[in-house]
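Here is a short note for a colleague who is opening this structure for the first time. Please read the points with the model on screen.

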Amino acid sequence: EKQNSARVWINGIAVSILFALVYIPFLNQWFKTSPLPITLLVIALFLGFIATAWWEIVKFFMNRNQKTL
């Protein structure tokens, strides 16, 4: 599967803006946000990874089964 470079750039920019809004002091005053504690950040990253990784595992086994047929 070919990687779409525009998608990678757009996602990277979006995540960077979100982190800036939460962790840069003058921006979180302006947007009334507060930094996440490290434990909540790790939990959120872990759950995000699990939420997307399961589909990659399914695709891996689907591709493996198609090659053996």
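The points below go from the overall form to single residues.

1. Basis. This is a predicted model, in which local features need pLDDT of at least 70 and side-chain atom pairs count only at pLDDT 80 or more, while totals for chains, interfaces and linings use all residues. Residues are numbered from 1 along each chain as its sequence is written, and side-chain values use heavy atoms, with hydrogens and water left out.

2. Overall form. The protein has three helices and zero strands. Helices (H or I, at least four residues) and strands (E, at least two) are DSSP runs, numbered from the N terminus. Read from the N terminus, the order is α-α-α. The radius of gyration is 18 Å, well over the 11 Å that the globule rule gives for 69 residues, so the protein is more spread out than a compact globule. That radius is taken over C-alpha atoms, and the rule is 2.2 Å times the number of residues to the power 0.38. Along the principal axes, the C-alpha atoms fill a box of roughly 60 × 30 × 10 Å.

3. Burial and surface. Of the 69 residues, 7% are buried. Buried means under 20% relative accessible area, exposed over 50%, and partly exposed in between (1.4 Å probe, protein chains only). The protein exposes about 6,400 Å². Carbon and sulfur atoms supply 73% of that area. Accessible areas come from the Shrake-Rupley method with a 1.4 Å probe; for residues, only the protein chains shown count as cover.

4. The nonpolar patch. Which residues form the nonpolar patch on the surface? They are Val15, Phe19, Tyr23, Leu36, Leu40, Ile43, Phe46, Leu47, Phe49 and Ile50, with about 930 Å² of accessible area together. Patches take residues with over 30% relative accessible area and no salt bridge; like charges are joined within 9 Å, nonpolar side chains (Val, Leu, Ile, Met, Phe, Trp, Tyr) within 5 Å. Helix H1 (5-23) and H3 each supply at least two of the patch residues. H3 gives the most, with six residues. Phenylalanine 46 lies in H3.

5. Helix H2. Asparagine 28 lies in helix H2, which covers residues 25-30. Is asparagine 28 buried or exposed? It counts as buried, because its relative accessibility is 11%. Beyond its neighbours within four places in sequence, asparagine 28 is in contact (heavy atoms within 4.5 Å) with Leu21, Val22, Tyr23, Thr33, Ser34 and Pro35. Proline 25 is also placed in H2. Proline 25 is exposed, at 54% relative accessible area. The C-alpha atoms of proline 25 and proline 35 are 8.9 Å apart, and the two residues are 10 apart along the chain.

6. Lysine 32 lies in the loop between H2 and H3. Check its backbone: phi is positive, about 55°, although lysine 32 is not a glycine. Lysine 32 is exposed, with a relative accessible area of 74%.

7. Aromatic pairs. How many aromatic pairs does the whole structure hold? A search finds four. Rings of Phe, Tyr and Trp (its six-membered ring) pair if their centres lie within 6.5 Å; planes under 30 degrees apart count as stacked, over 60 as edge-to-face and the rest as tilted. Tryptophan 30 and phenylalanine 31 have ring centres 5.3 Å apart and planes at 50°, so this pair is tilted. Tryptophan 30 is exposed, at 63%, and phenylalanine 31 is partly exposed, at 44%. Tryptophan 54 and tryptophan 55 make an edge-to-face pair, with 5.6 Å between centres and 75° between planes. Tryptophan 55 is partly exposed, at 41%.

8. The salt bridge. The structure holds one salt bridge. The term means a side-chain nitrogen of Lys or Arg within 4 Å of a carboxyl oxygen of Asp or Glu. Here lysine 59 pairs with glutamate 56, and the closest N and O atoms are 3.3 Å apart. Both residues lie in helix H3 (residues 38-68), three residues apart, about one turn of the helix. Glutamate 56 is partly exposed, with a relative accessible area of 47%.
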